[in-house]
Amino acid sequence: MNQLVFFLISLFCLDSVVGQASYAIPEEMPKGSLIGNIAHDLGLDTKRLVSGKAKIFNTNSAEYVELNRERGVLLVKERIDRETLCAETTVCALDFQVILENPMEFYTVTIQIIDINDNSPTFEKGEMDFKISESALNGAQFLLERAVDHDVGSNDIQDYLLKPADHFELKLRDNTDGHRNVEMVLQKPLDREKQEQIKLVLIAVDGGEPQKSGTMLIVITVLDVNDNAPIFTQKTYKAVVTENSPKGTVVTAVEASDADEASNSKIRYSITNTLDDVRKVFKINEETGQISLSENIDFEKSKRFQINLLASDNGGLTDFSNLIVDVQDVNDNKPEIRIMSKSNIIAEDSKPNTVVTMINIEDKDSGKNGDVKCFVNEDLPFILKSSRNNFYSLLTDNELDRERTSEYNITVTCSDEGVPSLSSSVILTLQISDVNDNAPVFQKSSYEAFIVENNSPGLSVFTIRATDADWNQNSRVSYILEDSSVNGAPVSSYVSVSADSGVIHAVRSFDFEQIKDLHFCVIAQDGGSPPLSSNVTVKILIQDQNDNPPQILYPVQTSGSLVAEMVPRSADVGYLVTKVVAVDVDSGQNAWLSYKLQKATDRALFEVGLQNGEIRTIRQVTDKDAVKQRLTVIVEDNGQPSRSATVIVNVAVADSFPEVLSEFTDFSHDKEYNENLTFYLVLALAVVSFLFITCLVVIISVKIYRWRQSRILYHSNLPVIPYYPPRYSDTLGTGTLPHVYNYEVCRTTDSRKSDKFGRDGSQNVLILDRSSTGTMQRLQSEKSILDEPDSPVEQKPPNNDWRFTQGQRPGPSGATGGPEVAMGTGPWPQPPTEAEQLQALMAAANEVSEATATLGPGTMGLSTRYSPQFTLQHVPDYRQNVYIPGSTATLTSNPQQQQATAQQATQQALPPPQASAQAEPPKAAQTPASKKKSTKKEKK
C-alpha cells in the first residue's frame with residue numbers, strides 16, 4: 001500500500017533556544033518508517049544532537065516516535081492507530097519536545113496523524129425490531145440506530161440505504177452534536193392482513209477508497225390501531241452535575257404524555273446512546289423518567305454528556321428528546337511536576353542564570369483550578385523562571401561557593417488557585433563540584449622552634465600544617481622548601497621538609513658557636529590545576545649546649561720553657577700573685593666560669609678567687625716557706641654536665657731573681673708527674689682481692705654441698721633408684737654412667753691442678769696422652785646418638801676401661817671390693833670425712849696463694865704454666881681422679897693404671913689424700929717479688 005507522507009513544517013524562533021516543527025503522516029505506518037529529518041528542519045547539525053544527548057520528552061504514556069541522533073531523523077517506534085489515539089477528534093496530533101543539553105535547549109514537535117479508511121461502518125445491534133400499528137399514518141417517523149465508523153472525515157459514514165423501499169424511506173437529520181439521526185419514514189400505509197411482518201436491511205456506506213459498508217436487519221411487526229404517539233414536554237433538556245458526585249445522584253427527570261388510553265397510553269423511557277459511555281454513566285427509570293448516576297463522573301475525562309431519550313407506548317409509538325448534562329469542575333487534582341532535564345552536579349564557578357533543571361507542570365483541572373504557580377525556597381541562590389505555559393527553568397541566581405555549601409536540596413513547590421488550593425512539590429538534589437579557588441592556609445602566620453646544638457642529622461624539629469578549604473585533589477597540600485641561602489650555603493643543606501606531612505628535619509648537626517638561628521620560608525602548594533600556594537616564615541633558634549671546655553688564656557702553658565710568678569717574702573696578706581684568665585666559647589650559664597685551687601704545695605699560703613681567678617696570699621710569707629710553689633688551678637663552667645680545664649702556676653717565693661733561677665734550673669727537666677698511677681695500682685689490687693675471695697667462697701660452697709649430698713645418701717635407708725635421663729639405657733644392669741655423656745680432662749704437669757668438666761656425648765671427646773705432658777688430641781665421633789633421635793641401634797655397654805675398683809676411688813673411706821668392683825657392681829663409696837674436706841680446702845687456698853705470688857707482666861699474676869687465656873673460672877680440682885656422684889665409676893687419666901689398680905683393690909685400701917697425691921713437679925723460678933710475698937705468707 002502506497003503511503004503518502006505529508007510534510008508540513010514551520011520553524012519559528014521563540015528565542016535563541018526554542019523552535020517548533022510540524023509533520024503530517026498517515027496512521028498505521030510500520031515500525032521504523034521515516035517521519036522527517038528533524039536535524040535539517042530545525043537547522044541543527046547531527047553532531048549537536050549527539051553531543052547534546054538529544055531525547056524526546058512527552059506527557060503521554062505511550063511512545064510512538066523515536067529519535068535517531070546519528071541520522072538526525074524521526075522514526076515510527078510503535079504502530080499509530082488514530083482511532084485509539086484521538087477517538088472522534090477530527091484533527092489528531094502528537095505533541096512532544098526534543099531536549100538538548102550543554103547548553104539546554106528544547107524544541108516542540110507536532111505530528112498530525114492523517115486518517116485512512118481502515119474501519120468499516122458497524123451497528124451495535126445486528127437486528128432491530130419495530131412494532132408499528134397498521135393505522136400509522138404516512139409520514140410517521142421511526143428512529144433507527146446509527147452505525148459507527150471510527151474513521152473521520154471522508155472516511156466516515158457518508159450515506160445510509162434502506163432496502164427494500166416499498167413502505168418506508170430514509171431521512172437523515174443533522175443533530176446538534178454533529179452526527180446525523182437516521183429516521184425511517186412511512187410512505188405507504190400498512191396492512192396487517194396482507195403482511196404481518198416486514199424485514200428491511202439498513203446499509204451504512206462510508207466515503208473512503210475503497211468504499212466500505214455495514215448492514216443491520218430491521219424487523220417490523222404490524223400492530224393494531226394505536227394512533228397517538230408519546231410526546232416529550234421538551235425537545236431538549238439541560239442539567240448540571242458536579243464531578244465526583246456519588247453514585248445514585250439524581251441528575252434530572254424527563255416526562256412525556258400519550259393521548260391514548262389504557263394500555264396504549266403507558267409510556268416507557270429509555271436511553272438510546274450507542275457511541276459513547278452514556279449508558280455506563282447514567283441510567284433512567286423506565287416508568288418515571290428519572291435520570292441518575294450509575295458511576296462517578298470525572299470532569300477531566302468528559303466535560304459534557306448528551307443523552308438521547310426515547311419515550312414509547314405499548315402500541316409502538318415513540319417520541320425522541322435530548323438531555324444535555326454539563327459537568328462542573330472540582331479542584332481535585334494536584335499539579336503534576338515532570339522533570340524534563342536536570343543536572344545533578346554543577347561547578348561552583350558557574351555564572352548566574354545558568355540553567356540547572358527544566359520542568360513541566362500539568363494540572364488536569366480547568367479554570368482557576370488549573371492555574372498553577374511554582375516557586376523555590378527563598379534562602380537558596382536559585383530562581384524559577386517560566387519560559388512558556390507550564391514550562392519552567394531552574395536557574396542560578398547568585399555565585400556558588402562549595403566551601404560554604406557543597407550540596408543543595410532544592411524544593412520546587414507548585415500550587416493551583418483552586419479553593420481549597422492543592423499543591424505538590426519535588427526535591428532536587430544538586431551537588432556543587434569543586435574548583436580550585438582556595439589557596440592553602442597555614443595555622444600560624446609564622447613558626448618558631450628551638451633545637452639543641454649537636455643534634456643528630458635527620459632529627460625531626462617540628463611540624464608545620466596548612467589546610468585547604470577545597471576538596472579532594474584540590475585540597476591535597478604539598479610542602480616545598482623555598483630556595484634561599486644561609487651563610488652562603490643553600491638552606492636545603494641545613495633543613496628539609498617532608499612534602500606530605502610538613503615535618504621539618506635537620507639535615508646536619510648544628511653548632512651554636514657557628515650559627516645562632518636559621519630563617520627560611522616553606523611553600524604550601526595544593527594539587528589543583530593550576531595549583532595555588534602560600535608561604536610562611538620559619539625561624540629555628542639553635543640552643544647552646546655545654547660542649548666546649550674552658551680555654552686558658554693566661555698563664556700560657558709551654559713545653560720548652562718554664563714561667564713562674566715571683567712573690568717577695570715581704571708580701572702581706574692579700575698580695576696579688578697573678579690572675580688566671582680563661583674563656584668559654586659557649587653562651588649563657590654554660591660560659592659562667594668558676595676558679596678553684598685543686599692542688600698546691602702549701603694550701604695555707606694561696607687562694608684563688610672563685611669568680612675572677614685572682615691568686616692571692618692568705619697569710620704573711622715567712623722564711624720557712626719553700627721557694628718553689630706549684631699551684632694547680634681548675635677552671636669549671638656552669639653547664640650540665642660541667643666541663644673543666646686545669647692550669648699549673650709556678651710561684652717563686654724569693655726577693656731576687658738569681659735566687660729563683662738557681663732553684664728552678666732543673667725543675668723543667670723532671671718527668672711529668674703521673675697522677676693516675678696510684679689509682680690504677682689500688683684498683684688492680686682491689687680486683688685481684690675480690691676475685692680471690694669469690695673463688696674461695698665458691699669452692700667452699702661446692703664442697704659443703706657435695707658433703708651434704710653424700711651424707712644424705714649414706715644415711716638413707718631407702719633403696720637407690722637411679723634416674724635415667726632421656727635417651728639413656730642401662731645395658732645388663734652394669735653401671736649408671738649414661739652413654740651420651742663423656743668427660744673432658746685437662747691435665748698439667750701438676751696433677752693436683754688438673755681440670756675436669758663434663759661434655760655432652762654429641763661433642764668431641766678429649767683423650768689424654770699417657771705421658772701427661774699436657775698434649776691433647778681431639779677425636780671426633782663418627783656418628784652421635786643425639787644426632788639420630790630415631791636410630792634403632794641399641795646402646796652398647798660401657799667400656800671396661802672406664803670402670804674402677806673401689807680402691808681406686810678417692811678418699812680413705814672407700815670400701816674394698818672383690819673383683820666385681822672393677823665391673824661397676826660394688827657398693828657405694830663412703831662420704832669424705834670432715835678432716836678430708838678441710839684438708840682439701842687448705843690445699844686449694846695454698847695453690848691460690850702460690851699462683852698469686854708468681855705475678856708477671858704477661859699473665860696478670862698467674863703462673864707461667866697457665867696459658868694467657870686461663871681465667872679464674874677454671875678452678876682446679878685437687879684430686880687425681882674424677883668421681884661421678886651417683887655412679888660406682890671413677891675416671892682416671894692413665895689407662896694402664898686401671899688394670900693394676902683392679903688387681904690390688906682387694907688387698908689394700910685407698911691411702912690418705914696426702915699420700916696418694918702425685919709428687920709436684922719443680923716450680924718455676926721465683927722472682928724477688930714472689931720471694932717477699934712467700935716470706936710474708938710463711939710468717940702469717
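1. Helices and strands here are DSSP runs, a helix having at least four residues and a strand at least two, numbered from the N terminus. On that basis Lys 53 sits in the loop between helix 2 (46-51) and strand 3 (55-57). The model is a predicted one. Lys 53 is not a glycine, yet its phi is positive, at about 50°. Its relative accessibility is 48%, so Lys 53 counts as partly exposed.

2. Asn 244 is another residue with positive phi that is other than glycine; the value is near 65°. Asn 244 is placed in the loop between strand 16 (236-242) and strand 17 (250-253). With a relative accessible area of 41%, Asn 244 is partly exposed.

3. Cis peptide bonds should be noted at two prolines. The bond from Lys 163 to Pro 164 is cis, with omega near -10°. Pro 164 belongs to the loop between strand 10 (157-163) and strand 11 (168-174). Ser 529 and Pro 530 are also joined by a cis peptide bond, with omega about 0°. Pro 530 is in the loop between strand 41 (517-526) and strand 42 (533-543).

4. How many salt bridges does the structure hold? The number is 20. In one of them, Arg 48 pairs with Glu 105, and the closest N and O atoms are 3.4 Å apart. Arg 48 is in helix 2 and Glu 105 in strand 7 (residues 105-114), so this pair ties together parts that are 57 residues apart in sequence. Residues under 20% relative accessible area count as buried. Arg 48, at 17% relative accessibility, therefore counts as buried. Glu 105 is buried too, with a relative accessible area of 12%.

5. A salt bridge also joins Glu 286 and Arg 268, with the closest N and O atoms 3.5 Å apart. Glu 286 lies in the loop between strand 20 (282-284) and strand 21 (290-293), while Arg 268 lies in strand 19, so the pair ties together parts that are 18 residues apart in sequence. Are these two residues buried or partly exposed? Glu 286 counts as partly exposed at 43% relative accessibility, and Arg 268 is partly exposed with a relative accessible area of 47%.

6. Glu 336 and Arg 338 form a further salt bridge, in which the closest N and O atoms are 2.9 Å apart. Glu 336 has 32% relative accessibility and counts as partly exposed. Elsewhere, Arg 82, Glu 83 and Asp 115 are linked in a network of salt bridges.

7. The structure holds 10 aromatic pairs. Among them is the tilted pair of Phe 232 and Tyr 269, at 6.2 Å centre to centre and with 55° between the planes. The pair links distant parts of the chain, since Phe 232 is in strand 15 (residues 231-232) and Tyr 269 in strand 19, 37 residues apart. Phe 232 and Tyr 269 are both buried.

8. Tyr 447 and Phe 462 form a tilted aromatic pair as well, with 6.2 Å centre to centre and 35° between the planes. Tyr 447 belongs to strand 33 (residues 446-452) and Phe 462 to strand 34 (residues 460-463), so the pair ties together parts that are 15 residues apart in sequence. Both Tyr 447 and Phe 462 are buried. Phe 130, Phe 142 and Phe 168 make up one aromatic cluster.

9. On the surface, which residues gather in a patch of negative charge? They are Glu 88, Asp 177, Asp 276, Asp 277 and Glu 295. Asp 277 is in the loop between strand 19 (267-271) and helix 4 (278-281). Asp 277 counts as partly exposed, at 45% relative accessibility.

10. There is also a nonpolar patch on the surface, formed by Phe 679, Tyr 680, Leu 683, Val 687, Phe 690 and Leu 691. Together these residues have about 630 Å² of accessible area. Leu 683 is part of helix 6 (residues 677-715). The relative accessible area of Leu 683 is 43%, which means that Leu 683 is partly exposed.

11. Ile 25 is in strand 1 (residues 18-26) and counts as buried, at 0% relative accessibility. The C-alpha atoms of Ile 25 and Ile 114 are separated by 5.8 Å, although the residues are 89 apart along the chain.

How values were computed. Residues numbered from 1 in each chain as written. Predicted model: local features only at pLDDT ≥ 70, side-chain atom pairs only at ≥ 80, totals over all residues. Heavy atoms only, no water. Patch = residues over 30% accessible without salt bridge, like charges linked within 9 Å, V, L, I, M, F, W, Y side chains within 5 Å. Areas by Shrake-Rupley, 256 points an atom, 1.4 Å probe, with all protein chains shown as cover. Salt bridge = Lys/Arg side-chain N within 4 Å of Asp/Glu carboxyl O. Lys, Arg positive; Asp, Glu negative; His and termini not counted. Charge placed at Lys NZ, Arg CZ, Asp CG, Glu CD. Buried < 20%, exposed > 50% of the residue type's maximum accessible area, 1.4 Å probe, protein only. Phe/Tyr/Trp six-rings, centres within 6.5 Å; stacked < 30°, edge-to-face > 60°.
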